[in-house]
Amino acid sequence: MNKQRLLAAESEFLTLYPGGFSHPLMVREGKKHQIAQRTAQAQQCFAPECFSRPQQVAEDMIKLISRSSMISMFEKPRLRDWVRAMTHHERESYAFALNDMLHGDQEYGFNIMLDLLRPARLAKWSLMTILPYYYAPRVEVFVKPTTTKGVIRFFELQGLVYNPTPSYPFYTTYREQIIEMRNMVDASLQQDNAAFTGFLMMSTKTLG
């Protein structure tokens, strides 16, 4: 990781937006994504006890993704139709994959979800990572392809080669480095991991 570029990005951003994410322009931008509301919904719908009703969880997964401003409008109906066309057992597996990702063996859950979405060509980074991010926005990362590729290149992140097909080793390595970088900057830029990667992406445009 290029620490000098990170510190330069921090300085430039705080010059343009004093107060970081509490700057009025950043607050206005943040309201478009309603992260606090989505996190509250995710934590209510996907608490451990909710998975005793996996069919309901699968439906709630679709609903929350459909409300997300961070998911392509083209992917939302495709995912909805695919999950609703699943067998009863497959929908349960989809819900239990999320349970593992949030509360159990994360790698196992990640790979099960990957296998369930792959036949419909919906095994995409955005659809795989949005719900864990909503549930724990300072612990998990939302992998948006354009942002991720730009951040890896500009900040020279080590051991990461982006691939359109999601993989758990990439996810954990990227997450580790993003959190490490977030902890190096001013507290006003540490709101959550998606906001932080958004700041990084903005910096690649202003400094690059």
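Residues are numbered from 1 along each chain as its sequence is written, and side-chain values use heavy atoms, with hydrogens and water left out. Because the model is predicted, local features need pLDDT of at least 70 and side-chain atom pairs count only at pLDDT 80 or more, whereas totals for chains, interfaces and linings use all residues.

**Stop 1: the largest pocket**

A pocket here is an open set of points on a 1 Å grid over the protein atoms alone, where a 1.4 Å probe fits, with protein on both sides within 12 Å along at least five of seven lines; lining residues have an atom within 4 Å of a point. The largest pocket holds about 860 Å³ of space. Volume is the space filled by probe spheres set on the points, which are joined across faces, edges and corners.

Next, colour α2 (24-31), α3 (35-45), α9 (145-154) and α11 (193-207), each of which supplies at least two residues of this lining. Helices are DSSP runs (H or I, at least four residues), numbered from the N terminus. The largest share, eight residues, comes from α11. By type, the lining of the largest pocket has 14 nonpolar, nine polar and six charged residues. Asp, Glu, Lys and Arg count as charged; Ala, Val, Leu, Ile, Met, Phe, Trp, Tyr, Cys and Pro count as nonpolar; the others, Gly among them, are polar.

**Stop 2: the loop between α2 and α3**

Select Q34, which sits in the loop between α2 and α3. Q34 has a positive phi of about 50° although it is not a glycine. Its relative accessibility is 32%, so Q34 counts as partly exposed (buried is under 20% relative accessible area, exposed over 50%, partly exposed in between, with a 1.4 Å probe and protein chains only).

**Stop 3: the loop between α9 and α10**

Move to E156, in the loop between α9 and α10. This residue, also not a glycine, has a positive phi near 55°. At 36% relative accessibility, E156 counts as partly exposed.

**Stop 4: the second largest pocket**

Select M70, E75, K124, W125, S126, F142, K144, P145, T146, Y162 and P164, which line the second largest pocket. About 160 Å³ of space lies there. Both α8 (125-135) and α9 supply at least two residues of the lining, which divides into six nonpolar, two polar and three charged residues.

**Stop 5: aromatic pairs**

The structure holds 14 aromatic pairs. Rings of Phe, Tyr and Trp (its six-membered ring) pair if their centres lie within 6.5 Å; planes under 30 degrees apart are stacked, over 60 edge-to-face, and the rest tilted.

Select Y133 and F142: the ring centres are 6.5 Å apart and the planes are at 45°, so the pair is tilted. Both Y133 and F142 are buried.

Then select F170 and Y174, whose ring centres are 6.0 Å apart with planes at 20°, so this pair is stacked. F170 and Y174 are four residues apart in helix α10 (residues 168-182) and therefore separated by about one helical turn. Both are buried.

**Stop 6: the core**

Finish with F46 and Y94, which have the most contacts inside the largest nonpolar core, a set of 68 residues. A nonpolar core is a set of buried Ala, Val, Leu, Ile, Met, Phe, Trp, Tyr and Cys residues joined through side-chain atoms within 4.5 Å. Helix α8 gives the most to this core, with eight residues. Around Y94, show A58, M61, I65, L79, V83, M86, M113, L116 and L117, which Y94 touches, not counting residues up to four places away in sequence; contact means heavy atoms within 4.5 Å.
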